[in-house]
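Dear colleague,

Please find the structure below, with its sequence.

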Amino acid sequence: MLIDAHSHILSLAADPEFTAAYGREGSLCIFRSMGLLPSHRMPADDEWEASGYSGRGWPVIGPAESLRDHPGFDKIVVLAVSPQYLDGRLIGTVDTGGALGVPGPPDPERCNDYVAAVVQADPRRFIGFASVNPAFRGPAAAVAELRRAVMDLGLGGLKLYPMYQHWSPADRDLAFPLYQAAGELGLPVMIHQAGSTRIDAALELGRPALLDDVGRCFRDLRVIVAHCGHPWVDEALFLLTKHPNFYGELSYLLASMTRRDLFLLLHRCEPMFVPLEKLFFGTDYPGFLYDPVALAEKVRSVNAEAAPLGLDPIPPRKLDGLLGDNFARFRGLAR
């Protein structure tokens, strides 16, 4: 199977223009590395316009656009973004146009309703992960919303954003009630335990090692380390070595490395005691440079790097696993 285990959808706020601005800030480093914007100061508006990228970064897309941009994919995991305040604005997943039929004005507190509506647009292709923020209205409210998202809305996983929402995934008062509830519900938990180019994100809360306490205390909980902990990749891989129910997802990391570096990363996983079966393909679509087709091809063609490096190729069945079969087995999916 071909599965994108990490994608986003809809708007990040009731104002769709905010999503474009949010994505533009997060992608500033990319544009600078391409030589399109000054690297020593913030670009002026006219420099953004001259670059041709003033509106690029994180477009607002719906189910039809996601399916269009995932040709040949069997499944697409769409992740809710739970509500938080950023610069005085309440943000989170919303359907700004109302096309999905969720009643009422756009409201980030209905993020899970919107993602459930996306799944209903094509239940064969979309898999929805709920999201809650225990720092928003407290852990009890977050647990109640998680149970509603699963029992009433039918969502099949949980996505958490500690570094963006400024809480620690090792916080026993805020975070542990979520892991307890997810375990009782049989949910996998994907955690953004990696870096971010968003200025407001708290890097100190993104270290993968903060999940070690989670693995010790919730040994049956299935945890997916999003972005394989990039830039702390080895730290994340060691968590996969140590904890039997920890897995890694490769979005963002895939787009930020060359095919040769990807081959070398995959080649050294098993000597580090990380089976490639523990890794999932993801794209972080629709972010800039996160083209699902191009990223899947990077994985498929990675063995072209074997001969020049004098190393054995990755077995094709393991690449097939990475591209979707691993996640299908993880979720008990059938073709």
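The notes below cover the cysteines and then the salt bridges.

This is a predicted model, in which local features need pLDDT of at least 70 and side-chain atom pairs count only at pLDDT 80 or more, while totals for chains, interfaces and linings use all residues. Residues are numbered from 1 along each chain as its sequence is written, and side-chain values use heavy atoms, with hydrogens and water left out.

The structure holds 0 disulfides (pairs of cysteine sulfur atoms within 2.5 Å). For Cys-29, the nearest cysteine sulfur is that of Cys-228, 19 Å away. Cys-29 is partly exposed at 38% relative accessible area (buried means under 20%, exposed over 50%, partly exposed in between, with a 1.4 Å probe and protein chains only).

There are 19 salt bridges (a side-chain nitrogen of Lys or Arg within 4 Å of a carboxyl oxygen of Asp or Glu). One of them joins Arg-198 and Glu-25 at 3.3 Å, N to O. This pair links distant parts of the chain, 173 residues apart: Arg-198 is in the loop between strand S7 (189–191) and helix H9 (212–217), and Glu-25 is in helix H1 (residues 16–33). Helices (H or I, at least four residues) and strands (E, at least two) are DSSP runs, numbered from the N terminus. Arg-198 is buried at 10%, whereas Glu-25 is partly exposed at 26%.

Within helix H9, Arg-216 and Asp-213 are 3 residues apart, so about one helical turn separates them; their side chains form a salt bridge of 2.9 Å, N to O. Shared partners join Arg-172, Asp-212, Asp-213, Arg-216 and Lys-242 into one salt-bridge network.

With kind regards
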